[in-house]
Amino acid sequence: MKLRCEVNGQAIEADVAPRTTLCDCLRDHLGLTGTHAGCEHGVCGACTVIVDGQAVRSCLMLAVQAAGASIVTVEGLADGEALSPLQEAFRKHHALQCGFCTPGMLTTLHALLSEEPAADEVRIRDVLSGNLCRCTGYIPIVEAALEARAHYAKKEKSKQELKTE
Amino acid sequence: MRLVNTYIGRPIERVEDFRFLRGRGQFIGDLNREGQWHAAIVRSAVAFGRIVKIDSAPALGMPGVHTVITAADIGSPIPTIPFRRKNPTIAPYAQPIIAPDFVRYVGEPVAVVLAASAELAEDAAQEVVLEIEALTPCVDWQASTAGTPLLFPGTSTNIASTFTAQCGDAAAAFAAAPYTHRERFSVQRHTALPMETRGLLAEWHAGDNQLTVCGAAKLPFFNRRAMAGMMGLPETSVDYIELDVGGGFGARGEFYPEDFLVAFAARKFGHPVKWIEDRREHFTAIGHARQMDAEIEIACEKDGTVTAMRGIMHADIGAYVRPNGMTPVRNVIQFTAVPYRIPNLDFTGHGVLTNKTPAGTYRGPGRFEGCLFCERMFDIAARELGIDPLDMRRRNLLTAQDMPYTLAAVAPDDGFAETECDSGDYRVTLERCLEEFGWEEKRALAGTLRDGRYRGIGVGCFVEGGASGPRESARIDVAADGNVDVYVGSSAIGQGIETIMAQIAADALEIPMDQVRVLHGSTNYLKEGFGSYGSRATVMGGSAIVLAAENLLKAVRDLASQKFGVAPEELIVSAGVAQTRDGRSMTLAQAAALGPLTGEGTFSSDKRTYTYGTAAAHVAVDPKTGAVEVLDYVVVDDVGRAINPLTLHGQVVGAAVQGFGSVFSEELVYDAGGQLLIGSLADYQIPLATDYPHIRAVTLEQFPAPHNPLGAKGAGEGGIIPVGGAVTNAIASALSSFDVQPTDLPLTPPRLWALIEKARAAKTT
């Protein structure tokens with residue numbers, strides 16, 4: 001089946017089987033291997049991507065269901081070669097070790113903090129409880145998220161200022 | 001400008017992070033080759049049985065299916081997976097790389113489907129019809145040690161090996177002791193669970209007679225040797241290539257049946273063959289760990305001086321002896337009592353075969369278990385003797401005067417039988433931990449009921465062995481621009497060695513870190529290497545780099561000496577530049593311009609390092625549900641010298657959280673028929689972000705390692721080792737009014753609730 005959608009700001013077209021998951025489509029058809037398949041049954045969260053602003057498990061969504069959607073993967077989080085503030089915070093706090101769960105952690109947190117830049121630690125932990133990490137014990141991931149909030153709050157503020165203008 | 005020691009000891013942010021954060025890591029699943037076939041493994045659904053017939057015809061008729069391989073295609077005899085350590089009795093129990101006649105666990109490979117895509121291969125794998133005559137399985141060690149049925153024809157026992165570790169005269173000490181106590185413990189079967197499942201991509205280059213296996217981890221050089229032997233190829237005809245690895249923790253990277261099967265298919269059919277394990281098969285296929293029962297006895301003076309310990313451990317090692325299947329068994333008997341000066345020891349450990357997935361190592365193998373046994377015994381004995389459990393530890397912990405402290409030797413000798421604690425004063429980390437934890441302030445809380453929950457505090461003291469020998473090698477090549485490539489035999493399993501090794505190399509050469517690139521693990525980099533296991537990479541690989549750097553700088557000195565016509569010792573070599581007294585100089589780049597410039601180093605050591613430490617836990621137990629909240633957890637260890645405090649801290653905290661999973665939730669449950677009841681990550685509960693937010697880790701550098709140039713001790717596993725002991729002691733402290741003494745893991749809420757209810761009932765009757 002033909003799939004047309006937008007991935008990381010680019011219009012794409014792919015020919016996928018009806019049963020192909022969005023995760024496999026991104027990885028195998030579009031070469032975006034930053035999205036990782038950790039369990040393929042929707043528990044680990046490594047495959048999380050952002051579909052129309054929502055964090056979604058790409059292993060539980062069929063590629064064809066993404067027709068017309070706007071998708072952001074880990075490859076689309078930074079602007080150019082520089083790390084995004086969230087990615088910078090991950091590095092600073094040593095919020096990744098093996099790096100396998102990291103793409104899903106980043107997309108999940110990016111979706112959360114874009115919506116809720118004031119999310120507190122309890123909220124962040126609650127949302128992250130759907131993403132498994134076996135290396136870090138989560139503590140540095142939460143620290144990184146808390147630090148990155150300032151950037152999202154700034155973005156939110158400038159968005160609101162634009163609106164009021 | 002002197003640059004010595006600008007990097008070692010600093011919390012340098014990792015160089016690996018750039019690619020991981022951008023989604024540019026290169027994991028095995030990300031790798032594809034033109035014309036590749038995909039493999040799916042057909043696995044036994046029967047725990048123990050005789051293969052009657054394998055009908056591949058329905059699968060072969062499916063679209064996209066190239067072929068199906070069974071034992072008949074491999075030829076006779078079916079190769080078995082070699083062991084990593086010598087042992088006189090385990091040979092009959094090695095795992096054949098595919099089941100030829102019997103299946104002995106659910107998940108054992110029986111056939112391999114090769115197809116045009118992973119989906120088609122998986123579809124077809126379900127259509128391969130296995131006719132297996134089921135036999136009565138042994139699903140626990142008690143049934144298995146009875147020896148009926150024998151799991152392997154031609155053997156006389158289901159006990160693959162029995163180890164002993166003895167010193168002094170335990171029997172005499174027990175006979176003379178004023179206080180003795182015996183207790184039974186158990187640890188459940190669980191597993192390392194790396195977030196990336198296993199995977200391989202093998203290619204056969206017929207023209208060069210060369211096999212390349214991508215997806216190596218942990219010990220590529222051992223696996224190459226194993227593969228070459230089984231394939232009948234010279235070792236130089238096999239390359240194991242390491243990519244990014246999504247977590248290891250002891251389980252990933254061992255030689256598994258799939259290593260051979262995927263490579264065999266690539267060689268036989270001339271196509272690259274790719275296999276990625278799915279999560280469900282991961283649970284049945286990757287090494288399990290930890291399942292062990294123990295009967296432990298302690299003998300003390302009235303003042304808490306421990307005069308003897310003894311015990312018998314039965315480890316359920318599953319259906320075959322895997323390459324490192326005996327490591328936990330030999331470790332638990334050698335290390336159970338180790339932080340303490342106990343003159344009389346007598347431990348026996350049996351590795352018992354059962355019809356379950358074969359077991360191997362998981363972070364802190366045998367040590368997590370042993371620490372639980374020993375630390376619980378200390379608290380139980382202290383309670384019965386009416387003495388402070390901390391004083392009892394102070395009285396018995398090894399001190400600087402005891403060093404080096406020879407441990408009870410393990411028999412049979414597995415090549416690592418004799419060892420000694422290298423340096424330290426084990427009271428140091430105890431006292432520091434108590435201080436960080438605020439033990440004195442929290443002491444009054446122990447056993448009290450606050451807001452409906454009982455509070456408790458507990459400690460656990462531990463040692464962590466590191467720097468497994470015998471050797472590691474490194475080579476440093478200088479490029480024309482003066483940048484250096486550092487090749488090291490250690491492998492990356494997510495622990496950040498590209499950063500750590502670059503720090504070490506940059507300091508040793510006195511050059512900026514951004515001039516250093518680290519290449520590791522793959523067998524095509526060096527003639528010999530060992531890898532990353534037993535907390536060895538930093539010490540062994542790092543020390544090899546130090547030696548390689550020394551040799552490289554010596555070469556630069558010699559080149560400059562020739563060029564400038566001065567004696568080598570007249571030159572000053574600093575910041576990577578050789579200089580004469582009159583100001584003539586030669587940089588690394590200038591030296592490299594004269595010809596290939598390389599320094600090689602091999603660090604050999606049979607002396608292990610012993611990081612030591614103490615953990616303390618503060619818990620709240622809800623008696624209505626059995627749920628436990630960890631309110632505070634502090635672990636303090638002395639690692640001799642920390643190369644990168646940032647990554648070390650991450651290792652310790654991450655390992656501690658893994659330990660909480662071991663204590664509270666993770667279990668690979670089997671039914672009486674040998675069926676694994678765990679099929680997904682929803683069934684197998686590893687810690688979540690909401691579970692254990694309060695963990696603190698403090699690293700000391702009090703007693704450097706005496707046997708390596710870095711002074712560093714292997715570290716990282718130490719985070720997990722004391723969790724069982726410290727947390728169960730805290731739970732016992734919380735429930736002291738009921739005298740609940742937890743001895744069996746995991747302490748799930750229902751299990752702890754049942755213990756509380758039982759204790760309540762006993763109290764009222």
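Strand β23 of chain B, residues 471-478, is joined to β29(B) by eight bridges, and the two run antiparallel. Strands here are DSSP runs of E with at least two residues, helices are runs of H or I with at least four, and both are numbered from the N terminus. Two strands pair if DSSP finds at least two bridges between them. Within this pair, B:V478 stands opposite B:L597 of β29(B).

This is a predicted model, in which local features need pLDDT of at least 70 and side-chain atom pairs count only at pLDDT 80 or more, while totals for chains, interfaces and linings use all residues. Residues are numbered from 1 along each chain as its sequence is written, and chains are lettered from A and ligands numbered from 1 in the order in which they are written.

The pair belongs to an open sheet of four strands in chain B, ordered β25-β24-β23-β29, with mixed pairing. Strands β25 (516-520) and β29 (597-604) of chain B each have a single partner strand, so one side of each has no neighbour in the sheet. On average, neighbouring strands of the sheet are turned by 20° against each other, direction ignored. Axes are lines fitted to C-alpha atoms, for helices over the stretch in contact, and angles run from 0 to 180 degrees between N-to-C directions.

Two helices of chain B pack on this sheet. Helix α15 (residues 497-509) of chain B touches β23, β24 (484-488) and β25 of chain B, and its direction makes about 130° with that of β25(B). Helix α16 (residues 537-564) of chain B touches β23, β24 and β29 of chain B, at about 140° to the direction of β29(B). Two residues are in contact if their C-beta atoms, placed from the backbone, lie within 7 Å.

Where do these parts sit in the chain? Domain bounds come from an automatic or database domain assignment; for chain B this gives domain 1 (17-25 + 469-604), domain 2 (34-135 + 193-285) and domain 3 (384-464 + 608-764). The C-alpha centres of domains 1 and 3 of chain B lie 38 Å apart. In chain B, 14 residues of domain 1 are in contact with 15 residues of domain 3. On the domain 1 side of that contact, α16(B) gives the most, with five residues.

Chain B also meets chain A: 44 residues of chain B are in contact with 42 residues of chain A. The largest share of the chain B side, eight residues, comes from α18(B).
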